[in-house]
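Visitor: I am new to this structure. Could you show me how to read its features, one at a time?

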Amino acid sequence: MKFSLFAHMERISPEEDQKQLYDEFIELCKIADEGGMHAVWTGEHHGMNFTIAPNPMLNLVDIARHTKNVRLGTGTVIAPFWHPIRLAGEAAMTDIITEGRLELGIARGAYSFEYERLMPGMDAWEAGQRMRELVPAVQNLWKGDYEHSGEFHQFPKTTSAPMPLQQDGPPIWIAARDPNSHEFAVSNGCNVQVTPLWNGDGEIESLMGKFNDACEKFSDKQRPKIMLLQHTYVADSDEDAKLGAVELNRFYCYFGAWFMNKREITQGLIETLTDEEIAAHPFYTPEAMERDLVIGTPDKVIERLKKYEALGYDEYSFWIDSSMSFERKKASLERFIKDVMPAFD
């Protein structure tokens, strides 16, 4: 099982300087590269200080300047916000600039906040259909001389300009949860990204089951790779692990608030959650976070990750967004590299 880093610029307070946040983001990417991690992933979001990531391609090109070996992944671009010709060309150019290190993750998106602003009236079903049209179009544009007549896009014979450096184009990853998404990915020769969020090991097993079912259904296709994305905190003690659980509980309360899209948002920042609101959440608790996320001292983290490796996951991505200070994120990542990864050599 390979290991990667998943990170954004994460801003929850107007006092946080955005340039400093970006510098810290780059520093974490450099630590991942120097520590021997396989890849760095960053996503696409708009108008949300919670995850500042308007164009992951831009970030990845810059990360390439600061790193030597890591693969560079979009985790993920939001399919409805892209025209196939534009995505094929920008991804190909990114692949050239990064010397063939690009991995292209694609999703339908999740936040209605973003849908309302970039694609008013679009729902999650339509977003999924747009993704299913986009992916094969991009693959064909990389082959060249492709004419498209779909539900959402129509264009005459076109070839991606430029062509990607990697033969057949960068590997494409599909963010999948339901069986249909797994089947779409496997049948189209794409790898799969899954995240159980706060749902724990039962969901991690279920997601692998859906992936295996899709691979069995399309047994004529080469079995793709599957990556597990999960919030992770490697603690220096049991007490530190409990603090990490408190911090990640706060993160998920904000995540849930953004997802529900009902709180006031000013200057890109959501209305502050009070301690009372966080404590009153119906199912997010520090105890649940410690149970269902990967939080603990190195020995406990290793034990948990060995189970995921045994299930068949090819890559485990350390999701570092957490509402923690940069110093705590950095220390956790360094412990992961020093004390956890060697157990999987």
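Guide: Let us start with surface patches. A nonpolar patch is built from residues with over 30% relative accessible area and no salt bridge, with nonpolar side chains joined within 5 Å. Keep in mind that this is a predicted model.

Visitor: Which residues make a nonpolar surface patch here?

Guide: Met93, Ile96, Ile97 and Leu165 make one of about 350 Å². Take Met93 as an example. Met93 sits in helix 3, which spans residues 84-97. Its relative accessible area is 39%, so Met93 is partly exposed.

Visitor: Now salt bridges. What is the general idea?

Guide: Side chains of opposite charge can pair when their charged atoms come close.

Visitor: How many salt bridges does the structure hold?

Guide: There are 19 salt bridges. One of them joins the side chains of Asp23 and Lys19, at 2.9 Å from N to O.

Visitor: How far apart are Asp23 and Lys19 in helix 1?

Guide: They are four residues apart in helix 1 (residues 18-34), so about one helical turn separates them. Asp23 is partly exposed, at 40% relative accessibility. Lys19 is exposed, with 53%.

Visitor: Which side chain meets that of Arg177 in a salt bridge?

Guide: The partner is Glu203, at 2.6 Å from N to O. Arg177 lies in the loop between strand 7 and helix 6 (179-187), while Glu203 lies in helix 7 (residues 200-217), so the pair ties together parts 26 residues apart in sequence. Arg177 counts as partly exposed, with 31% relative accessibility. Glu203 counts as buried, at 17%.

Visitor: Where does the salt bridge of Arg335 and Asp240 sit in the chain?

Guide: Its side chains meet at 3.6 Å, N to O. This pair links distant parts of the chain, 95 residues apart: Arg335 is in helix 12 (residues 326-340) and Asp240 is in helix 8 (residues 238-260).

Visitor: Are Arg335 and Asp240 buried or exposed?

Guide: Both Arg335 and Asp240 are buried. They also belong to a network of salt bridges that links Asp240, Glu247, Arg328 and Arg335.

Visitor: Let us turn to the backbone. What should I expect there?

Guide: Most residues other than glycine have a negative phi, and most peptide bonds are trans.

Visitor: Which residues does a cis peptide bond join, with omega about 10°?

Guide: Gly75 and Thr76 are joined that way. Thr76 is in strand 3 (residues 71-78). Another cis peptide bond joins Ala161 and Pro162, with omega about 5°. Pro162 is in the loop between strand 6 (154-158) and strand 7.

Visitor: And phi? Which residue has a positive value near 60°?

Guide: That is Glu99, a residue other than glycine. Glu99 lies in the loop between helix 3 and strand 4 (102-107). At 66% relative accessibility, Glu99 counts as exposed. Asp168 also has a positive phi, about 70°, although it is not a glycine. Asp168 lies in the loop between strand 6 and strand 7. Asp168 is exposed, with a relative accessible area of 70%.

Visitor: Which element gives the largest share of the lining?

Guide: Helix 5 does, with five residues. You can also read the lining by class. The second largest pocket is lined by six nonpolar, eight polar and eight charged residues.

Note on methods
Residues numbered from 1 in each chain as written. Predicted model: local features only at pLDDT ≥ 70, side-chain atom pairs only at ≥ 80, totals over all residues. Heavy atoms only, no water. Helix = DSSP H or I, 4+ residues; strand = E, 2+ residues; numbered from the N terminus. Nonpolar A, V, L, I, M, F, W, Y, C, P; charged D, E, K, R; others polar. Patch = residues over 30% accessible without salt bridge, like charges linked within 9 Å, V, L, I, M, F, W, Y side chains within 5 Å. Areas by Shrake-Rupley, 256 points an atom, 1.4 Å probe, with all protein chains shown as cover. Salt bridge = Lys/Arg side-chain N within 4 Å of Asp/Glu carboxyl O. Buried < 20%, exposed > 50% of the residue type's maximum accessible area, 1.4 Å probe, protein only.
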